[in-house]
Amino acid sequence: MLAKINSFGLRGIDGYAVSVEIDINNGLPGMEIVGLPDAATKESKERVRSALKNSGFRLSPKRITVNLAPADTRKEGSSFDLPIALGILHATEQLPAAGTADTIFVGELSLNGGLGRVNGILPVIIAAAERGFKRAVIPEGNAEEASFVSGIAVYALPDLRSVAEFVSGKGEFRPIATKDPI
């Protein structure tokens with residue numbers, strides 16, 4: 001099964017769109033991340049596996065390929081953990097595919113499924129709003145910084161389980177309040 005999740009990365013101080021594509025097939029179990037990932041991005045596979053398991057999701061023994069597009073741009077950091085995990089949940093039909101098309105997902109996962117703060121969230125949210133995305137899901141620790149951006153509904157959530165509920169339409173989630181720019 002194939003899944004696609006929207007995310008953003010940083011190039012200098014500018015945010016740029018990254019399409020996180022997940023393909024799950026039969027074959028030797030494992031996960032491969034392609035699309036010029038740096039060491040921290042490659043390590044996502046271990047964080048994502050543990051976060052999924054410790055958040056109560058199943059991870060079947062299949063061959064998982066993660067493509068971070070555009071493939072010719074270096075991807076840096078751990079901010080792709082959350083979209084990779086969501087892509088796996090979509091591809092394994094543990095979450096519905098609906099509800100993510102106009103939303104970007106950015107966040108580092110801890111081994112217990114918690115969402116950790118990432119660097120550079122302000123230019124990422126600004127770029128996402130400029131590209132027409134309607135919603136962004138980010139870690140709680142980035143809420144203050146993201147509150148200075150208008151034109152996009154930003155949801156600051158604590159963990160993978162909450163993000164799964166958000167995507168599934170379960171529970172009530174409110175976007176963070178927007179502050180006046182400084």
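Visitor: Let's start with L36: where does it lie?
Guide: L36 sits in the loop between strand 3 and helix 1, where helices (H or I, at least four residues) and strands (E, at least two) are DSSP runs numbered from the N terminus. Please keep in mind that this is a predicted model, in which local features need pLDDT of at least 70, side-chain atom pairs count only at pLDDT 80 or more, and totals for chains, interfaces and linings use all residues. Residues are numbered from 1 along each chain as its sequence is written, and side-chain values use heavy atoms, with hydrogens and water left out.

Visitor: And what is phi of L36?
Guide: Phi of L36 is near 60°, which is a positive value in a residue other than glycine. L36 counts as partly exposed because its relative accessibility is 37%, given that buried means under 20% relative accessible area, exposed over 50%, and partly exposed in between (1.4 Å probe, protein chains only).

Visitor: What about E93, buried or exposed?
Guide: E93 is exposed, with a relative accessible area of 60%. E93 belongs to the loop between helix 3 and strand 5 (103–105), and its phi is near 60°, a positive value in a residue other than glycine.

Visitor: Switching to helices, which residues of helix 2 are buried?
Guide: In helix 2, which covers residues 44–54, the buried ones are S44, R47, V48, A51 and L52. Seen down the axis of helix 2, these buried residues fall within an arc of 125°, so they line one face of the helix; the arc is that of the directions from the helix axis to the C-beta atoms.

Visitor: What do they pack against?
Guide: The buried residues of helix 2 pack against strand 3 (30–34), helix 1 (39–42), helix 3 (81–91), strand 6 (108–109) and helix 6, where contact means heavy atoms within 4.5 Å.

Visitor: OK, and what comes just after helix 2?
Guide: Just after helix 2 comes G56, with a positive phi of about 90°. Helix 6, in turn, is followed by G169, whose phi is positive, near 80°.

Visitor: Which peptide bond is cis?
Guide: A cis peptide bond joins A69 and P70, with omega about 15°. P70 is placed in the loop between strand 4 (63–69) and helix 3.

Visitor: Zooming out, how many helices and strands are there?
Guide: The protein chain has six helices and nine strands, and buried residues make up 47% of its 182 residues.
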